[in-house]
Amino acid sequence: MGDLSLLVKLLGVQVLVMGASHGAGLSGPVWVWELQYLCLAVASVLCAVGLLFLGLFYIHTALCIFNRLPRLATGPLSAYWSLFRPLETLFRLATAPFRVLPDVLVVGEVRCGTTSLCDHLTRLPGCHTPFCPWRHPELDNKETFFFAGHYLGLADPSLYAMCFPLALTRWFHRWVLGRPFFTFDGCAQYLTSPVAPWLIAEAYAQRGLPPPVIVACTRDPVSQAVSWWRYENNAMAWGEGMGLREWNTALRGPAYPPRSISGAFEYACSPEMDRLYTHAEAMVREQLERRQFVVLPRWAISWPGGQLAGIGRNGHFQKNITRFNTALRSRLPAFGGVQRVPLEELTTPQRSAAVLAEIFKNMQERWLDVIGPSRVQVEWLELRAHLSSTVHETEAVKRNPGAKLHDPALEPTEKELANLRAFFNALSSSR
């Protein structure tokens, strides 16, 4: 249930109670009735603002994320009513300056085990999960989608902290309760993004903070491309199931989405996509240099060219990691580099525990100058004790849906798979 539906129900109850009191002739102090009318007015204004923001979010994401034309119909509107939390989103935007930035960013790649790694992180002592605009079991408490432009295109680094806990929460847990504290962002779409590395670097530089721990999960690029192809086609079917039926051809043309994985690969590797990616990166870097407020245009959300523009591009792991290293070090010279985690490292409990220990060790080094070595040692010992006692309970790779296509006709052929293998083999041999 979204927060707006809960407020509407509370508003209805308040109206009924006030109406029943009037009908029964109940009286009371004037200030009690004035307070009730004030609460009613505030709740009504919040409902109106929330409905407006919900409508804007619906239009924006239908056009840019689902690549569909929004419809005034009960199907999609009821789905968004349940999925989105407009009031919490607005509250978080207003309180962004008082919130913390994440200690760890799992920046991708999509379909490479990021869900598993983030699930493991949430079980560590002191973990506080990020805010996600979507109340969806695969996304909530994992991915913020902030620099992917889901929040009406807002991607200014000064607002990134909206997705994380209040600084007061961190202080209370660490110094009053004596407990560890860390938070993370697991948005897997950042690694391929041409703009996310520069925006992330600016967010930490603006606050004068040490660089975060950045992790990139990788796997065989052919299996990654196939998995992403299946996942995105199923996601488009989900959008159609909500009632979003007509394609938004004005945004990416009538040829999008491609009807085969080979078509998606040609689309993603076309000169036009190269131009869009280069233009998006240059545009954001110029905005940051000029200290302009960053709002991503629709053509750049989530990636330039859309979700299926990642087929083939996602597998350029080293190129994408190098872009992150370059961007972070340009603003944060102390950045030690992206920690690469192959999918194989998450296939057994022991390997997963070792990956978590390495991430936490890097976090401790980041905190040394902030909370002091004695506190760092306490938190490190607590983590080691936790991992030692639960290592055999740590699950292997958590598979989220996408293994099978809703439409078998879209399954890649052996020839298409062979062409993908040839491309990535040539790419790796050229390095």
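Let's start with a cysteine: the sulfur of C187 sits 8.5 Å from the closest cysteine sulfur, which belongs to C132, and that is too far for a bond. A disulfide would need the two sulfur atoms within 2.5 Å. Keep in mind as you look around that this is a predicted model. With that cut-off applied, the count comes to zero disulfides. C187 is also tucked away from the surface: its relative accessible area is 0%, so it counts as buried. C47 is another buried cysteine, with a relative accessible area of 7%.

Now step back and take in the chain as a whole. You'll find 15 helices and five strands in it. The chain has 431 residues, and 55% of them are buried. What about contacts between residues that are at least 6 apart in sequence? Of these, 80% join residues at least 24 apart.

For a look at how two of the helices meet, find α7, which covers residues 196-207, and α12, which covers residues 317-331. Two packed helices can be described by the angle between their axes and by the distance between those axes. Here the angle is about 25°, and the axes of α7 and α12 are 8 Å apart. Angles under 35 degrees count as roughly parallel, so α7 and α12 are roughly parallel to each other. Their crossing is right-handed.

Which residues make the contact? On the α7 side they are P197, W198, I200, A201, E202 and A205. On the α12 side you can pick out R323, F324, T326, A327, L328, S330 and R331.

Our last stop is a loop. Follow the chain out of strand β5 (339-342) and, before you get to helix α13 (349-371), you'll pass E345. Is E345 buried, exposed or something in between? Its relative accessible area is 30%, so E345 counts as partly exposed. Leaving aside residues up to four places away in sequence, E345 touches R351, S352 and V355.

Key. Residues are numbered from 1 along each chain as its sequence is written. This is a predicted model: local features need pLDDT of at least 70, side-chain atom pairs count only at pLDDT 80 or more; totals for chains, interfaces and linings use all residues. Side-chain values use heavy atoms; hydrogens and water are left out. Axes are lines fitted to C-alpha atoms, for helices over the stretch in contact, and angles run from 0 to 180 degrees between N-to-C directions. Helices (H or I, at least four residues) and strands (E, at least two) are DSSP runs, numbered from the N terminus. Angles under 35 degrees count as roughly parallel, over 145 as roughly antiparallel, 65 to 115 as roughly perpendicular and the rest as oblique. A crossing is left-handed if the near helix is turned anticlockwise from the far one by less than a right angle, and right-handed if clockwise. Contact means heavy atoms within 4.5 Å. Buried means under 20% relative accessible area, exposed over 50%, partly exposed in between (1.4 Å probe, protein chains only).
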